[in-house]
Amino acid sequence: MSDQTKHENGHGSFERQDLQASGILYFLLGLVVVLALCLVGLRGVYAFLDHREKALQPSVNPLVTNVPADTRHITPGYPQGAFPNPKLEEDERGQLNGIRLEEEKTLYSYGWIDEKAGTVRIPIERAMDLIVQRGLPVRAQNMASNTPAPNTIATSKKGGKK
């Protein structure tokens, strides 16, 4: 560095020349221009790809009615039965709530499981009340198997840890 920009003093050396404000402003201006050019270029690339994709779309069967102009997007209210399986979920939260409501209705209501066999479904609380009133079925002692129960001896050591 030259002697004009550096001066020695008792505390060390430092540079007397500062950055010019115009240099910082030119850099920021150049950055904004490059960013704008990138955005315009990306918009042009996407417009080109969108136009190319629309041109490559197959023609729709003339017998199909109520066809949206852009077949890449589904318009709201379009009949869902028009699409083959598997279908994508549109409203996951609403569908899950519907499933949960059906499950709760099944668990907490009366209904037939098999009407011919006479099998019914009862709510969980009612089933628990019936078990409390009637008790659980117990196998009679004379119906027990003839095999001897395994000989288990409970041993416990009082002392400490090993």
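L19, I24, L25, F27, L28 and L31 form a nonpolar surface patch of about 660 Å². Such a patch takes residues with over 30% relative accessible area and no salt bridge, and joins nonpolar side chains (Val, Leu, Ile, Met, Phe, Trp, Tyr) within 5 Å, like charges within 9 Å. A salt bridge here is a side-chain nitrogen of Lys or Arg within 4 Å of a carboxyl oxygen of Asp or Glu. Areas are Shrake-Rupley values with a 1.4 Å probe, and for residues only the protein chains shown count as cover.

L31 lies in helix α1, residues 21-55. L31 counts as partly exposed because its relative accessibility is 48%; buried means under 20%, exposed over 50%, and partly exposed in between.

## Basis of the model

The model is predicted: local features need pLDDT of at least 70 and side-chain atom pairs pLDDT 80 or more, while totals for chains, interfaces and linings use all residues. Residues are numbered from 1 along each chain as its sequence is written, and side-chain values use heavy atoms, without hydrogens and water.

## Chain overview

The chain holds 3 helices and 4 strands, in the order β-β-α-α-β-β-α from the N terminus. Helices (H or I, at least four residues) and strands (E, at least two) are DSSP runs.

Of the 162 residues, 4% are buried. The chain exposes about 15900 Å², with 59% supplied by carbon and sulfur atoms. Among contacts (heavy atoms within 4.5 Å) between residues at least 6 apart in sequence, 0% join residues at least 24 apart.

E89, E90, D91 and E92 gather in a surface patch of negative charge. Asp and Glu count as negative, with each charge placed at CG of Asp or CD of Glu. E92 belongs to helix α2, residues 92-107, and is partly exposed at 45% relative accessibility.

T106 is also in helix α2 and is partly exposed at 36% relative accessibility. The C-alpha atoms of T106 and I122 are 8.8 Å apart, with the two residues 16 apart in sequence.

Terms used: Buried < 20%, exposed > 50% of the residue type's maximum accessible area, 1.4 Å probe, protein only.
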